[in-house]
Amino acid sequence: MDADDHRGGLRTPILAEDEASGSNRGPEAREHEARKAGHCSDKALKIILALQFLEVTAFYGIYLSLIVYLQEVFHGHSASDVASVNYWVGVSYHMPVLGAAIADSFWGKYKTVMIGLSVSVVGMAMVTASATLPSLSPPSCVQNAICTPATLGQKLVFFCGLYLCGVGIGASKAVVISFAAEQYDDEDDGGKKGSGRGAKASYFSWYYAVANMGMMTAGTLLVWVEAKVNWGLGYGICTSFVAVAVVTLAATAPMYRILPPAGSPWKGVFQVLYAFSRKVKLEVPDDATALYEGEEDAKDPLVHPLHERLQHSDQFRFLDKAAIITDEDLDQDGNRPWRLCPMTQVEELKTLLKLIPIWLTSAVYFVANTQAQTTFVQQGTRTDTRIPAPSLTAVETALVATCVALYNRTSRRLTPLRLMGLGHATAAVAVAVAGWAESRRLRMAGDHQRMGIAWLLPQYVVMAISDASLSVGQLEFFYDQSPETMKGASTAFYFVSVSIGNLINSQLVMLVAYVTAAGGGAGWFPTELDDGHLDYYFVLVVAVTVVNFAVFVALAKNYKPKMVR
């Protein structure tokens with residue numbers, strides 16, 4: 001018996017037109033496709049993890065040194081360079097939501113990942129060409145002369161390629177994670193329930209480890225090649241990594257368990273909102289048992305694929321109107337999902353509304369966290385060092401992996417919310433340490449001395465503790481507390497919080513640079529950092545982070561977890 005037969009007959013990819021029409025199929029058809037897809041292939045999972053390593057390494061190979069490239073090659077202004085990086089990262093980390101929606105509603109996960117990575121290859125090729133061809137980049141600075149800034153055409157080629165790369169990889173980033181998890185069944189080959197879910201948890205740990213390995217590789221090898229050898233060569237390696245990932249994904253297609261799209265998880269949210277809008281004038285009954293329970297739909301995989309039924313809660317009781325039964329509902333069987341929603345479906349929306357405020361505090365957290373890839377790196381370029389400043393992020397990455405390993409040993413002592421609280425608190429400490437180091441560096445620069453780069457290590461150590469705590473806590477918390485129908489999209493919440501944090505930071509940097517230079521002075525973000533006050537900006541970020549931490553503590557104390565019947 002060959003391996004494919006032993007694993008339940010792994011199937012070939014579904015044709016594009018089948019995937020596009022998957023959301024229109026009935027539950028019986030989708031269940032048939034799921035059975036036909038078979039069980040998980042260990043070899044397929046290893047290949048997906050390898051592809052994720054290539055994707056993460058290529059993305060961070062551009063991201064970690066982007067601020068240096070804009071500063072040293074494109075001769076940009078320090079504040080605008082930080083904003084440019086934050087804008088790009090913000091767009092890149094918004095794409096997982098769009099990618100997840102397209103995958104769930106139209107293309108399916110496999111096709112979405114393939115198209116997303118292919119688009120990123122085109123973008124990276126443009127970035128590589130910009131860094132390689134002399135006509136696409138400004139000339140080098142001549143000593144004691146004013147540097148020539150990049151022309152509009154040069155910026156257009158570079159940033160178009162950069163954003164194509166961000167959109168492509170961003171759209172596939174969360175989808176490929178859920179695609180890998182989709183390779184598992186909730187039952188093993190012997191029909192034992194729950195073993196597949198345990199294997200999924202193991203996969204998420206492996207993914208986090210592989211992602212950290214990719215970031216470490218980018219922060220050491222690729223950053224060194226870009227800064228010390230040639231920018232074009234370094235970006236060319238990034239391009240080749242994603243190209244290899246695309247070719248490998250296409251060549252190994254028959255090995256994967258590919259399911260057709262089952263429809264967007266947001267459909268249930270819109271159904272509740274629409275049903276509520278039609279019944280907004282009705283009174284909510286005092287007795288919750290009078291609300292529609294949806295017993296007849298309990299086994300419908302389109303409504304509740306995993307059969308999770310939630311207890312009624314008193315929060316957001318006005319939404320209970322969507323579950324009030326009227327005579328009109330009983331007469332409209334065909335449109336009933338848009339007129340009458342089961343109580344569990346209403347509770348899922350309530351759960352989502354409770355999670356949003358906590359999620360927003362995570363987005364503000366990344367205002368502090370993103371300093372490690374932007375202003376911390378700018379600090380490093382003004383220190384006495386023989387290693388590229390972006391390589392310090394490799395130290396943070398290694399420490400993050402260590403912290404995750406320690407968390408796995410002590411996970412029973414800290415709840416996800418407490419772990420997130422630790423991340424918020426240590427972020428403020430990390431930026432405060434950076435502010436102290438910058439103040440010391442400026443004093444030494446005033447005496448015509450250069451501070452050693454080792455003085456920046458403490459801020460990276462503390463930020464690593466913060467990053468590991470917040471990231472692991474957030475992923476675990478949102479996966480556990482998200483509505484059952486949205487667990488597949490819960491990964492995108494993390495990426496979007498990173499995106500919003502970067503966008504907020506970019507706006508904050510530009511605002512501070514404008515206000516502080518309004519009187520004609522150098523301001524906090526001049527072209528030459530030694531003439532500015534980056535340390536003052538760190539104090540501002542610490543203040544924002546402390547206030548955000550206080551808000552998080554208040555929300556966490558009042559949060560009521562979902563209750564499953």
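## Backbone, core and contacts

Phe-316 lies in the loop between helix 10 and helix 11, where helices (H or I, at least four residues) are DSSP runs numbered from the N terminus. The model is predicted, so local features need pLDDT of at least 70 and side-chain atom pairs count only at pLDDT 80 or more, while totals for chains, interfaces and linings use all residues. Residues are numbered from 1 along each chain as its sequence is written, and side-chain values use heavy atoms, with hydrogens and water left out.

The phi angle of Phe-316 is near 50 degrees, a positive value in a residue other than glycine. His-448, which is not a glycine either, has a positive phi of about 60 degrees, and His-448 is found in the loop between helix 16 (416-446) and helix 17 (457-481).

Buried here stands for under 20% relative accessible area, exposed for over 50%, and partly exposed for what lies in between (1.4 Å probe, protein chains only).

**Aromatic rings.** The structure holds 31 aromatic pairs, in which rings of Phe, Tyr and Trp (its six-membered ring) have centres within 6.5 Å, with planes under 30 degrees apart counting as stacked, over 60 as edge-to-face and the rest as tilted. In one of these pairs, the ring centres of Phe-74 and Phe-158 are 5.1 Å apart and the planes stand at 50 degrees, so the pair is tilted. Because Phe-74 lies in the loop between helix 4 and helix 5 (78-107) and Phe-158 lies in helix 7 (residues 152-181), the pair ties together parts that are 84 residues apart in sequence. Both Phe-74 and Phe-158 are buried.

Lys-354 lies over the face of Tyr-559, at 5.6 Å from the ring centre, and Arg-440 lies over the face of Trp-455, at 3.8 Å from the ring centre.

**Salt bridges.** A search of the whole structure finds six salt bridges, each being a side-chain nitrogen of Lys or Arg within 4 Å of a carboxyl oxygen of Asp or Glu. The side chains of Lys-173 and Glu-55 meet in one of them, at 2.6 Å from N to O. Since Lys-173 belongs to helix 7 and Glu-55 to helix 4, so the pair ties together parts that are 118 residues apart in sequence. Lys-173 and Glu-55 are both buried.

Glu-293 and Arg-309 also form a salt bridge, at 3.6 Å from N to O, and Glu-293 and Arg-309 lie in the loop between helix 10 and helix 11, 16 residues apart. Asp-320 pairs with Lys-350, the closest N and O atoms being 2.8 Å apart. Together with Glu-347, Asp-320 and Lys-350 are linked in a network of salt bridges.

**Surface.** Phe-270, Leu-273, Tyr-274 and Trp-338 form a nonpolar patch on the surface, with about 400 Å² of accessible area together. Such a patch joins nonpolar side chains (Val, Leu, Ile, Met, Phe, Trp, Tyr) within 5 Å, from residues with over 30% relative accessible area and no salt bridge, and accessible areas come from the Shrake-Rupley method with a 1.4 Å probe, counting only the protein chains shown as cover for residues. Helix 10 (residues 267-278) gives the largest share of the patch, three residues, whereas Trp-338 lies in helix 12 (residues 336-339).

The table gathers relative accessible areas for several residues named above.

| Residue | Relative accessible area and class |
|---|---|
| Asp-320 | 0%, buried |
| Lys-350 | 1%, buried |
| Arg-309 | 16%, buried |
| Glu-293 | 23%, partly exposed |
| Phe-316 | 29%, partly exposed |
| Trp-338 | 33%, partly exposed |
| His-448 | 77%, exposed |

Conventions. Helix = DSSP H or I, 4+ residues; strand = E, 2+ residues; numbered from the N terminus. Lys NZ or Arg CZ within 6 Å of the ring centre and 35° of its normal. Patch = residues over 30% accessible without salt bridge, like charges linked within 9 Å, V, L, I, M, F, W, Y side chains within 5 Å.
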